Amino acid sequence: MRTITWNTEAQCLTYIDQTRLPAELVTVETQSVTRLADGIRRLEVRGAPALGIAGGYGVALSCFSHQNEKAGQAFCHAVETDAAFLRATRPTAVNLGWGINRVLQTALPEETPEAAFDAALREAQAIEEEDIALCHRIGANGATLLPDTCTVLTHCNAGALACVEWGTALGVIRSAVEAGKNISVLSCETRPLNQGSRLTAYELQADGIPVKTIPDSAAAHLMRRGMIDAVIVGADRITPDAVFNKIGTYMHAVCADHHKIPFYVAAPYSTLDLSQTEADITIEERARNELAICGDRQLMPDGVDVVNPAFDATPLSLVTAIITDKGIFRQPYSELAKQDERVEP
Ligand code: MRU
């Protein structure tokens, strides 16, 4: 089952509602840009590559909903307004803006709203198909880095649920297992939204890949005990000086460096943002309730405020290698820029 795709029969976007996993596997079907924006904000659909695809389909939905607008300026203005609204939902993952811009650039030059919708839909579908192929390339590239038998620590969810299928960090693990390697995974629970314990454990269990969940705070202890051979994470944005990924990633990189454990980042080339540096990037700050409430339990006294950044930045000096669909890049990462053919974020 694909994480996100277009339902041709119902003419709507369909995606797995990740807030309901692992208890229930349910999908959201929508034709509404506002509904999609809300779903992105609530993390129903999440993970950098899936956000790029969602953004692309969001532009298609916008073109569809403005079919009665007069062709030309009014139509373009309406679609660009929707695109800006979608882009603002999550500021850190570069793929969201990348997917939106790529589809806008294809759709807006068309002469009629109908033609713009057709072009937008085709382009969003192309991004979806490309994601599958490039995750398999990332997987094949990264699998070569793992020993035949090893325990890999991962953080958050950079798997099929963050993409269309296969995944980036989990794609490397899946490809290594497919190549006959004996891989066990330690999945950090990834507080506060538990993408590791809810989603990574769910997907790996479904594939029969050995997985155990650990508290985020157990990682350093397990590294010191020699129980972790490699760390692999995904990325939401890679600038020339840092990798942005789920909060807690930096902590694992520092600990891996201290214990001389390789720290790998797996991401599609579209996650690179070579035009900016760490200081330019906004780190999404999330709501107090994510820390203060768990189900119907209050976890903090009323009146105590929180600091709840969704992502952190890991300096490239702590990253052993970046595994992309275009190959493996290593220190000092000067080769990264040479491949750039991206649409500006
Ligand atoms: O807040 P989320 O769940 O969207 O954060 C996702 C991550 O940090 C992932 O590791 C990243 O997007 C890579 S997904 C292949």
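Mentor: **A network of salt bridges**

Salt bridges link Arg90, Glu284, Arg286 and Glu290 in a network. The model is a predicted one, and a search of the whole of it finds 14 salt bridges.

Start with Glu284. Its salt bridge with Arg90 has the closest N and O atoms 2.9 Å apart. Glu284 and Arg90 are both buried.

Glu284 also meets Arg286 through their side chains, in a salt bridge of 2.7 Å from N to O. Arg286 is buried, as is Glu284.

For a pair elsewhere, take Arg2 and Glu129, whose side chains form a salt bridge at 2.7 Å, N to O. This pair too links distant parts of the chain: Arg2 is in the segment before β1 (4-7), and Glu129 is in helix α5 (residues 113-143), 127 residues apart. Arg2 counts as partly exposed because its relative accessibility is 28%. Glu129, with a relative accessible area of 43%, is partly exposed.

Disulfides are a separate matter, and the count of them is zero. Cys150 shows why: its sulfur is 15 Å from the closest cysteine sulfur, in Cys188, which is too far for a bond. Cys188 is in no disulfide either, the nearest cysteine sulfur being that of Cys255, 10 Å away.

How values were computed
Residues are numbered from 1 along each chain as its sequence is written. This is a predicted model: local features need pLDDT of at least 70, side-chain atom pairs count only at pLDDT 80 or more; totals for chains, interfaces and linings use all residues. Side-chain values use heavy atoms; hydrogens and water are left out. A disulfide is a pair of cysteine sulfur atoms within 2.5 Å. A salt bridge is a side-chain nitrogen of Lys or Arg within 4 Å of a carboxyl oxygen of Asp or Glu. Helices (H or I, at least four residues) and strands (E, at least two) are DSSP runs, numbered from the N terminus. Buried means under 20% relative accessible area, exposed over 50%, partly exposed in between (1.4 Å probe, protein chains only).
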